[in-house]
Amino acid sequence: MATGLPVITSANVGAADLVDVDSGIVISDLNDVAALTQAMERLTGDADLRQRMGRSARAVAERYSWSKMASQYVDLFE
């Protein structure tokens, strides 16, 4: 996400909490080869979608940068 790329993840891992329809594709199970293939084909076949999702993914990742997280911890402890 931090590199500006869309994400493909499954609903049963923590990353699904960060990924939404704007930043990537969440499939029900990463062991579902058909769903994973479909998600990959969707992204590889649509450059505009890939770029839009990538921008959104980067924006999400920026909310969790080291400097922002450190600043929030400093604020918490103060």
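Me: Why is Arg-52 called partly exposed?
Reply: Arg-52 has a relative accessible area of 42%. Buried means under 20%, exposed means over 50%, and partly exposed is what lies in between, with a 1.4 Å probe and protein chains only. The 42% of Arg-52 falls in between, so Arg-52 counts as partly exposed. A word on the source: this is a predicted model, in which local features need pLDDT of at least 70 and side-chain atom pairs count only at pLDDT 80 or more, while totals for chains, interfaces and linings use all residues. Residues are numbered from 1 along each chain as its sequence is written, and side-chain values use heavy atoms, leaving out hydrogens and water.

Me: Where is Arg-52, and how far is Gly-24 from it in space?
Reply: Arg-52 lies in helix 2, residues 47–62. Helices are DSSP runs of H or I with at least four residues, strands are runs of E with at least two, and both are numbered from the N terminus. Gly-24 is 28 residues from Arg-52 in sequence, and their C-alpha atoms are 9.5 Å apart.

Me: What makes Ser-23 a buried residue?
Reply: Its relative accessible area is 0%, so Ser-23 is buried by the under-20% rule. Ser-23 is in the loop between strand 1 and strand 2. Leaving aside residues up to four places away in sequence, Ser-23 touches several residues, among them Met-1, Leu-18, Met-53 and Ala-57; a contact here means heavy atoms within 4.5 Å.

Me: And why is Ser-10 called buried?
Reply: Ser-10 shows a relative accessible area of 1%, which is under 20%, so the word is buried. Ser-10 sits in strand 1. Its contacts, not counting residues up to four places away in sequence, include Val-26, Ile-27 and Leu-30.

Me: Is Ala-15 buried, partly exposed or exposed?
Reply: Ala-15 has 32% relative accessibility, so it counts as partly exposed. Its place is in the loop between strand 1 (7–10) and strand 2 (24–27). Arg-63 is 48 residues from Ala-15 in sequence, with 14 Å between the C-alpha atoms.

Me: How does the radius of gyration of the protein stand against the globule rule?
Reply: The protein has 15 Å, whereas a compact globule of 78 residues would have a value near 12 Å. The radius is taken over C-alpha atoms, and the rule is 2.2 Å times the number of residues to the power 0.38. The C-alpha atoms fill a box of roughly 50 × 25 × 15 Å along the principal axes. From the N terminus, the elements run β-β-α-α-α.
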